[in-house]
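Here are some notes to read alongside the structure, written for someone opening it for the first time. Take the points in any order you like.

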Amino acid sequence: MNRELRKAENLRRHGDRGQWASKTEYILVVAGNVVGLGNVWRFPYLCYKNGGGAFLVPYGLLALVCGIPLFLMETSSGQYTQEGFITCWRKLCPLAEGIGYGFFMMKLYDFSYILIQVWALFYLVFSFKAQLPWASCDNTWNTASCLDLQILNSTNVTATAINTTSAATEFWERRMLGMSGGIEELGSVRWELALCLLVSWVFCYFSIWKGVRSSGKVAYFTATFPYVMLLILLIRGLTLPGAWEGIYFYLYPDINHLANLEVWIEAGSQIFFSYSLTIGTLNVLGSYNDYNNNCYRDCFWLCLLNSGTSFVAGFVVFSVLGFMAQKQGVSVDNVAESGPGLAFIAYPQATAMMPLPQFWSVCFFLMLILLSVDTHFVTVESVITSVSDLFPKMFRAPVKHEIFVLVICSSFFLIHLILVTEGGIYVFQLIDYYGCTRACQDFMTVCQCLAIGWIFGADRFSTIIEDMTSQKPSIFFKLCWKYVIPLLTSISFILYLVDYQHLKINNWYIYPDWAYALGWTMTLSSVLMVPLWAVGQMCLTPGTFKQRLTILCRPVDNPACETENSKQREEGTTLELGTCTES
């Protein structure tokens, strides 16, 4: 089937599904999704921690052999099948449809990251106060051991202050979170955070309620404005005293770290995390493309944009940390943080030391909100798309679709109220640690590469990409799909299990046994979908073992293949794998 006929067939089958209004919308939505919080609060710290400039060596190599090939595989498989991350496997390898259900479970846990948007919104509101509340200890929630900025900036006190906490830490733990003693003590709902959660889910609903028609328009603002904020913060950061000392810590190369296997593991983990790989999002976003879109070229530019943003964000973060270290009279490694510690303790504390602290605080938290907004509404949209493709008659009709989106958003708002209780931070950390772990992504990656690279066929997949883009992928991609990526991710998966350690909070709080059991249940709920689906289909499909395997390894949504499968069931004959192809 030539390109034009294939395109017409896709329009006939999926005309009511919708497509991106323009190529620009697709680029902005994908860019907004992959450029997220990990670029700002995770990559710079990993770079500093793992050898500075030397960390760019494993990061660059793994981006080349894992990141870009997987990015191309996922976006092109979505574009080819024009289906969500569950039903797309029917056109690739029905036996592997469990991968899609595994993605579905991982996505549900992924919804909890809206909590970061909630926290940033809370901080944004307080940024408009005349006196930033995390800069002083004159508040009702502060304790006797609190140190405000004036005292904290005194080198004498800093050197001796052991049993003390900063005003920023107390605002985070006591004012916003109201942290309880553990997950056993959930406590009451923090009504201010609940209100921020409601605002976040309402914004999410109106961003996706019309599908790609609305999310594509929203991305014009949410995907571009963070770059404006990033540029403003970069210029400000580089002009601060002590900035270059921070940048030195960020980039100074220590090649000894390259011999440490953990550095390579963290580089690969960052690639998977920031590129949004093996979680189904890229499949869905690619599925709304025109069949002849050049996904091969898009892949390189989007990956370059993501990694480039991470690199520049490091200057934004460490220039400010250098300034903060100089003000406190300590070295940069004493103030360097990652994750929530950077975003909600270290950086707010640093902005409070600058002239016009309210302005810089607003800029920073506005950037965080927009970075998380994009990623979140795309995550929800990918789940809604995949479920709608699974039940098109039930959820694709205009009014039914809006109601379905409303039900999803409302339900998860109610479920996520547990995250804004006094013990909610413990629940969130449990989901973060077990719900979508490196082990889950590694396992799904191996399965995905086996299904596409070996069963569907790397050669056939490359031919499909050539048919869509008029560019044949390099043999390098086939080697990565079939050998390099499965090998590396298998090693990473084994090392995760060997080096596994129980989750602890602040190195002192240990979860009860039932919480760890719940955590492993979340991990297995996605991983076990793959073998359970395969075993279930093998049991339900008629024929001998070889006949069942042959049928389930052949795409069923190809009309030619459907004819072959029916004939095979009736006659009890077997066909060789790969004999039923689309040309």
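**Notes on the model**

1. Let's start with helix α12. What covers its buried residues includes α2 (23-34), α11 (191-208), α13 (225-238) and α19. The helix itself spans residues 212-222, and its buried residues are Val212, Ser214, Ser215, Gly216, Val218, Ala219 and Thr222. So which way do residues along a helix point? An α-helix has 3.6 residues a turn, so residues three or four places apart point the same way.

2. A word on confidence before going further. This is a predicted model, and the protein averages a pLDDT of 88, with 90% of the residues scoring at least 70.

3. Now the nonpolar core. The largest one holds 186 residues, and Phe71, Trp119, Trp201, Leu321, Phe344 and Tyr511 touch the most other members. Which helix gives the most to this core? That would be α19 (residues 357-390), with 17 residues.

4. Setting aside neighbours within four places in sequence, Trp201 is in contact with Phe111, Ile114, His376, Val380, Cys409, Phe412, Phe413 and His416. Trp201 is also one of the residues that touch the most other members of the largest core.

5. How many disulfides are there? The count comes to one, and the pair is Cys137 and Cys146, with an S to S distance of 2.0 Å. The link is left-handed, with -75° about the S-S bond. Both Cys137 and Cys146 are buried.

6. Two other cysteines are worth a look. Cys295 is in no disulfide, and the nearest cysteine sulfur, that of Cys299, is 8.2 Å away. Cys295 is buried, because its relative accessible area is 1%. Cys480 is in no disulfide either; here the nearest cysteine sulfur belongs to Cys66, 7.2 Å away. With a relative accessible area of 0%, Cys480 is buried too.

7. Cys553 sits in the loop between α27 (545-552) and α28 (559-571). Cys553 and Thr385 are 168 residues apart in sequence, and their C-alpha atoms are 24 Å apart in space.

8. Asp298 counts as buried because its relative accessible area, 6%, falls under the 20% cut-off. Not counting residues up to four places away in sequence, Asp298 touches Lys23, Tyr26, Ile27 and Asn293.

9. Thr351 is found in helix α18. At 1% relative accessibility, Thr351 counts as buried. Which residues is Thr351 in contact with, leaving aside its neighbours within four places in sequence? They are Trp134, Pro357, Trp360 and Ser361. From Thr351 to Thr224 it is 127 residues in sequence and 23 Å in space, C-alpha to C-alpha.

10. Next, backbone angles. Most residues other than glycine have a negative phi. Leu356 is not a glycine, yet has a positive phi of about 55°. Leu356 lies in the loop between α18 (340-352) and α19, and counts as exposed because its relative accessibility is 61%. Ser470 is not a glycine either, and has a positive phi of about 65°. Ser470 is placed in the loop between α23 (438-469) and α24 (475-498).

11. Last, a pair of helices. The axes of α25 (residues 513-527) and α26 (residues 529-540) come within 5 Å and cross at roughly 40°. That angle is why α25 counts as oblique to α26. Where do the two helices meet? Ser525, Ser526 and Val527 in α25 meet Met529, Val530 and Pro531 in α26.

Definitions and conventions: Residues are numbered from 1 along each chain as its sequence is written. This is a predicted model: local features need pLDDT of at least 70, side-chain atom pairs count only at pLDDT 80 or more; totals for chains, interfaces and linings use all residues. Side-chain values use heavy atoms; hydrogens and water are left out. A nonpolar core is a set of buried Ala, Val, Leu, Ile, Met, Phe, Trp, Tyr and Cys residues joined through side-chain atoms within 4.5 Å. Buried means under 20% relative accessible area, exposed over 50%, partly exposed in between (1.4 Å probe, protein chains only). Helices (H or I, at least four residues) and strands (E, at least two) are DSSP runs, numbered from the N terminus. Contact means heavy atoms within 4.5 Å. pLDDT is the predictor's confidence in each residue, from 0 to 100. A disulfide is a pair of cysteine sulfur atoms within 2.5 Å. Axes are lines fitted to C-alpha atoms, for helices over the stretch in contact, and angles run from 0 to 180 degrees between N-to-C directions. Angles under 35 degrees count as roughly parallel, over 145 as roughly antiparallel, 65 to 115 as roughly perpendicular and the rest as oblique.
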